[in-house]
Amino acid sequence: MYIVDYIKEVASAVKSLATGMKLTGYYFTHPKEIITQEYPDNRATLKMADRFKGEVIMPHDENNEHACTGCTSCELACPNGSIKVITKFEVNAEGKKKKAVDQHIYHLDMCTMCNLCIEACPTDAIKMANTFEHSVPDRNMLIKRLNNNGSKIREGVE
Amino acid sequence: MYHINELLNSDNTLKPSFVAMKESDDYTINIGPQHPATHGVLHLVITLNGETIKKVDPDLGFIHRSIEKMCESLSYRQYIYVTSRMDYLSSHINNHACALLVEKALQVEVPERAQYIRVIMDELTRIASHLLWWGAMAMDMGAFTPYFYAFRERELLTEIMEDTCGARLTMNYMVPGGVMHDPHETFVHRVSKEFLPLLKSKLHEYEELVTGNIIFQNRVNGVGLLTYEDAISYGCSGPTARASGVHCDIRKLYPYDVYNKVQFEEVIETAGDSMARYMVRMNEIKQSISIIEQLINNIPEGDFQAKTKAVLKLPKGEFYQRVETARGELGVFVVSEGGTTPYRIKFRSPGFSNLSCLDHITKGSKIGDLVASMGTLDLVIPDIDR
Amino acid sequence: MISFEHITKWLQAWLNAHMSPILVLAVETVLIVILAIALFAVLGLVLVIMERRVAAFMQIRMGPNRVGPWGLLQSTADTVKLIMKESIVPTHADKFLFNLAPFIVMIAAMLILAPVNFAQRFHIWDLNIGILFITSISSISVIGILMGGWASSNKYSLLGAMRSGAQIVSYELSAGLSILTIIVLCGSLKVSDIIASQETGWWIFKGHIPAIVAFVIYLIAVTAETNRAPFDLAEAESELTAGFHSEYSGMRFALFFLAEYINIFIVCAVGATLFLGGWMPFHIGHLQGFNHVMDYIPSSIWFFGKTFFLIFVIMWFRWTFPRLRIDQLLNLEWKYLLPISMVNLLVMTVVAIYHLHF
């Protein structure tokens, strides 16, 4: 009968709306379900994934030595030219001239964190750090020199 | 769509009906480029008669970054990272297509472990993409809350991605010959013990909140009707075409990697309306769960990456590879001159073809229907413009 | 026990003792205007923060919690921002109507405040056609919305205003009919009479099923009348960006925004008065002890508690449901709500004639 169908239709409609309201009502009364992280406040406990690609760094050991040979593999691998390796010739103990890195310039502002330079590096001299707070007042500060002042290549790295 | 005689006069000038964009008394409004309904910078010039839509005219190019041209100057290792930025919601699958193409051209045998990981990642990406679509579509319809529920599950997924790939959105994880890293040691545990149970326990909430809702059903039932023939002639693919009954899942038709070893159903609806498109995507989430469940505990040991040369040179010729992204069929076409960079590259993106049917399916409906149709087409604007 | 009744009586007596009757009237008018504006400002701030917190908890987030304790000063800070903002008038706008529209909406909202009983014998003007006054004045606000939409010379605004016009005009019918079902029961349009008739129990309990049906229809209709989701088609942000107030900015926008919340408060106050007994405490039959405890809670708390409960329900709607389409919206009214409320009114009339209610 038409009128019965009409009432059934209204009843099922009201029921479907009530199920939805029950769900939002559940979350309203259960504040424990809140998933928000209060970011600047939880900085001390915030743990980033160890593989997170934040920026390229060149680790130095305690003797201020790195593993970069200045081979420019990373520069060639970079798709958007954010790495520039300036090389120099060093005279080693035997009096031989040898290519070495003078300045490893890294443009964080152009980097897309694609990880190709790290894959290309034959000596594992650079790696990705999981830092992520990169905001600076001037974009020139994003152009970084990765090798420290006065740093040397580690012994035995070819 | 149009025959040449319909478009041109005998003296090769355009016929007037194709010159005049609008009549003088048409009420046109611009939806976009900055508009809450178009997630991104899509510009739709819509012509109205009261509330009824007479014509929808998409205006593209606001986020055109000439990715195809950029790829011509990048090597075959480098061009993969750019494709993450096309359809950023299925970046793994875009990368997968590019990696597959290079492997196909160089005839590299990909280790089985890498194939398993790739397929798992693809399906996780598909789930993430469909979850985001679900929330965003509900928001288009005026319900704000689903967005946050969808993001709760997606957040765990992005954390899993972050552990393994080091990124949350633009992964660049697939490389020619395999994947970039071995999965994180917690990967299997987090996917099988944390993510899948969470998602399964929350799927009923989606049904309670949106699918079963009478207002939502009235908004999408019979709205934006795309027939089987139209879906084919407009070149629609993915869930949009499958909702019209087109058998077009590339994973079934042209299986790549280990898709031929897993059991899954190609979700097909025949109604062709917005509700069908919605149901296809919701059911695809379930199918993706089942694919991941079949693979996640059976990842074979071995290398995650095949040995490839440092500099990749594709042989001279033309190569084409297609994959099924969350939105449809992505085709990568490369013309190689034998060098280290492609001579010409063309991406056949699913969003562009799916958008082309928008005018057809919304003609004569209300503005609210336009939003519903657009929401269920699942448009990602950078994918359309590239 | 401190009640508003004592304060007003004492003030009246004190003023009469010191001034001439005309001056007393003038002073009281000024006082009422100040109080009404203060109430508006406070209500606006409280309701905005309430809306945002309710929404946040339903959406498993925290909501504003930075400005002031628990974020309570957030809406105050927003108001300061809105006052400081430049109020832009579009070049092709009808300047006079454009500036007038927010005030019309605001004035309409303020006028409805007059017959509302906030507590026991605490009201501005308890006129004998109080409910009629409320329903008639509340239709004025649509003029302001149409005016704003037309004068903005913006296509989104015009579409939003036209939608709003169609919507408010149709939903007034079922809101009015469901109000009428209660009027049938108590036989008076005077707000204080309606409340007094519920001394033995609220109409929603006493009036059988027709009262409950009328209550539900009233809630749906007023949600539509105040342009709230799921009926917020006039400002459907995914279709018309912001609808009729797309072109408004700064304090003019704030007036529209405030008027929306004031309207919600008022329709909920009317709903509480008609169905939930206004300031009447909750009584159960002959449980004298329980009733006595209930009587001890001040009447103003009863009134505001009921009103805010209804406001919460309307917010609950907003953060759960998707939006309707314009034709479905009108279908819902003309095919479902109106016939149901007409039949309901008929049933209620029978109930009232044969005194079947408790």
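**View 1. Domain 1 and domain 2 of chain B have C-alpha centres 30 Å apart.** This is a predicted model, in which local features need pLDDT of at least 70 and side-chain atom pairs count only at pLDDT 80 or more, while totals for chains, interfaces and linings use all residues. Residues are numbered from 1 along each chain as its sequence is written, and chains are lettered from A and ligands numbered from 1 in the order in which they are written. Domain 1 of chain B covers 4-59 and domain 2 covers 70-385, with bounds that come from an automatic or database domain assignment. Their contact takes 12 residues from domain 1 and 17 residues from domain 2; two residues are in contact if their C-beta atoms, placed from the backbone, lie within 7 Å. On the domain 1 side, strand S3 (residues 52-59) of chain B gives the largest share, 5 residues. Helices (H or I, at least four residues) and strands (E, at least two) are DSSP runs, numbered from the N terminus. By class, this side of domain 1 has 7 nonpolar, 3 polar and 2 charged residues. Ala, Val, Leu, Ile, Met, Phe, Trp, Tyr, Cys and Pro count as nonpolar, Asp, Glu, Lys and Arg as charged, and the others, Gly among them, as polar.

**View 2. Chain B as a whole has 17 helices and 8 strands.** Its C-alpha atoms fill a box of roughly 70 × 55 × 35 Å, taken along the principal axes. A compact globule of 386 residues would have a radius of gyration near 21 Å, and chain B agrees with 21 Å. The radius is taken over C-alpha atoms, and the globule rule is 2.2 Å times the number of residues to the power 0.38. Of the 386 residues of chain B, 51% count as buried. A residue is buried if 20 or more other C-beta atoms lie within 10 Å of its own, exposed if 12 or fewer, and partly exposed in between, with C-beta atoms placed from the backbone. Among contacts in chain B between residues at least 6 apart in sequence, 69% join residues at least 24 apart.

**View 3. Helix H5 (residues 91-106) and helix H6 (residues 112-140) of chain B have axes that come within 8 Å and cross at roughly 140 degrees.** H5(B) is therefore oblique to H6(B). Axes are lines fitted to C-alpha atoms, for helices over the stretch in contact, and angles run from 0 to 180 degrees between N-to-C directions. Angles under 35 degrees count as roughly parallel, over 145 as roughly antiparallel, 65 to 115 as roughly perpendicular and the rest as oblique. H5(B) contributes B:His92, B:Ile93 and B:His96 to the contact, and H6(B) contributes B:Arg118, B:Met121, B:Asp122 and B:Thr125. These residues divide into 2 nonpolar, 3 polar and 2 charged.

**View 4. Chain B has 21 residues in contact with 20 residues of chain A.** On the chain B side, helix H7 (145-165) and helix H8 (187-211) each supply at least two residues. H7(B) provides the largest share, 5 residues. The chain B side has 6 nonpolar, 9 polar and 6 charged residues.

**View 5. The contact of chain C with chain B takes 23 residues from chain C and 25 residues from chain B.** Helix H7 (155-186), helix H11 (237-240) and helix H15 (326-353) of chain C each supply at least two residues of the chain C side. That side divides into 11 nonpolar, 5 polar and 7 charged residues.
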